[in-house]
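Keep the 3D view open while you read, and take the points in order.

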Amino acid sequence: MLAFLLIVIALNFALRSNAAGEVVYVGISTPGLYEIPTEIAQRKGCYREERLDVRKGVLRTNLQVAALIAGELDYSTVSGLIARASIQGLPVKGVMGWFDRPLHILIAKPGFKRLTDFKGKRIGVSGLGSAPHIILREALAQAGMNPDRDITTLAIGGSGERLAALIAGTVDATPLDVAYVEKAEKLGLVSVIYFGDVVHTRLGGFGVSLDKIRKNPTQITRMIRASLKGVRFIRDNKPETLALMRDYLKVSTDAAVKIYDFAMRSLNTDGLVAKNTMDSEIRLAKEQLKLTEEITEDKIMDWRFLKEVLGQK
């Protein structure tokens, strides 16, 4: 089944790009703010400058680690899942970050005002162990709730799929990328909490297989160099970034301004991850996996390529 899905995804990717260069497949969970540096880098020709033919496509979060290991996917943008897989001993590692805090808001049906209102309710996430799942668990714990007993967690898929599940009544709430908030509010749903105010975990960035690190390290350096230009473009070119956000995220001008402000509160323009964010991510992963041994940052991240790029500036 996985092989069939990957074939379909590869065919879809192939239809989306005709640019010359080394073909690179990048997996996203859903189009959104969390992966917008890659969209900027693609639209501004940063990948073409590195002779890379980048083909992005949506792939369910829980399939991306397997796709990396199988060599069917070159880069994954679901950093939280990559970190958890690394800790579990799977042959993948992170090589770049760009948002130091989550860019999700808990969206719910009308009537919910605080996290404790969700006791006994169903909350949808993209996948178990994904960034939305981890940030939800941490926020619930901070609110004095038990994430395993007090709510029912359902793995639904990307933000678009979770919004559809919320509208259909399959779940009572879900963490959504801030790019979806305007659409949600137009549908009569309500914002309960912005997770970036209470949780320190990263969002976005690149994860790769150890096989990729061994066999094509120069491609990783080129991908990072091009993507870092996309990250810094957000900071340095606000008017054009807002226009791109309106087009790519399908939001109004007012919504784009709000989304941009959220992005700037979290953006790490060096492609690194803040120490407190990384420490928090490791702690949360250990808690979820019920591990007691010491986990160091180099277990989940390989910073060699980014440091090489930063040294060239």
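This is a predicted model: local features need pLDDT of at least 70, side-chain atom pairs count only at pLDDT 80 or more; totals for chains, interfaces and linings use all residues.

1. The largest cavity has a volume of about 170 Å³.

2. What lies around the largest cavity? Its lining is made of 20 residues, and those nearest its centre are Ser 29, Tyr 34, His 104, Pro 132 and Leu 203. Two or more lining residues come from each of the helices α5 (79–87), α6 (131–142) and α7 (159–168). Of the elements, α5 gives the most, with 3 residues. Sorted by class, the lining of the largest cavity holds 12 polar, 6 nonpolar and 2 charged residues.

3. Next, the open space. The largest pocket has a volume of about 230 Å³. Its lining consists of Pro 31, Gly 32, Ala 179, Tyr 180, Glu 182, Lys 183, Lys 186, Tyr 248, Leu 249, Lys 250 and Val 251. Which elements supply at least two residues of this lining? They are α8 (181–186) and α11 (238–249), and the largest share, 3 residues, comes from α8. By class, the lining of the largest pocket counts 6 nonpolar, 4 charged and 1 polar residue.

4. Before going further, a word on confidence. The average pLDDT of the protein is 91, and 93% of the residues score at least 70. Residues 12–19 deserve a separate look, as their pLDDT is below 50. In the model, this stretch has 15 contacts beyond near neighbours in sequence.

5. In general, an α-helix has 3.6 residues a turn, so residues three or four places apart point the same way.

6. Two loop residues have a backbone angle worth checking. Most residues other than glycine have a negative phi. Arg 51, however, has a phi near 55 degrees, a positive value in a residue other than glycine. Arg 51 belongs to the loop between α3 (46–49) and β2, and is exposed at 65% relative accessibility. Lys 290 also has a positive phi, of about 60 degrees, although it is not a glycine. Look for Lys 290 in the loop between α13 (275–289) and α14; this residue is exposed, with a relative accessible area of 70%.

7. Is Leu 63 buried or exposed? Its relative accessible area is 17%, and because the cut-off for buried is under 20%, Leu 63 counts as buried. Leu 63 is placed in the loop between β2 (52–58) and α4 (64–70). Its C-alpha atom is separated by 25 Å from that of Leu 272, and the two residues are 209 residues apart along the chain.

8. Gly 71 is found in the loop between α4 and β3 (75–76). Gly 71 is exposed, with a relative accessible area of 54%.

9. Finally, Glu 161, which is found in helix α7. At 39% relative accessibility, Glu 161 counts as partly exposed. Which residues does Glu 161 contact, leaving aside its neighbours within four places in sequence? They are Arg 60 and Ile 156. The C-alpha atoms of Glu 161 and Val 125 are separated by 9.7 Å, with the two residues 36 residues apart along the chain.

Conventions:
Residues are numbered from 1 along each chain as its sequence is written. Side-chain values use heavy atoms; hydrogens and water are left out. pLDDT is the predictor's confidence in each residue, from 0 to 100. Contact means heavy atoms within 4.5 Å. On a 1 Å grid over the protein atoms alone, a cavity is a set of points where a 1.4 Å probe fits but cannot get out, and a pocket is an open set with protein on both sides within 12 Å along at least five of seven lines; lining residues have an atom within 4 Å of a point. Grid points are joined across faces, edges and corners, and a volume is the space filled by probe spheres set on the points. Helices (H or I, at least four residues) and strands (E, at least two) are DSSP runs, numbered from the N terminus. Ala, Val, Leu, Ile, Met, Phe, Trp, Tyr, Cys and Pro count as nonpolar, Asp, Glu, Lys and Arg as charged, and the others, Gly among them, as polar. Buried means under 20% relative accessible area, exposed over 50%, partly exposed in between (1.4 Å probe, protein chains only).
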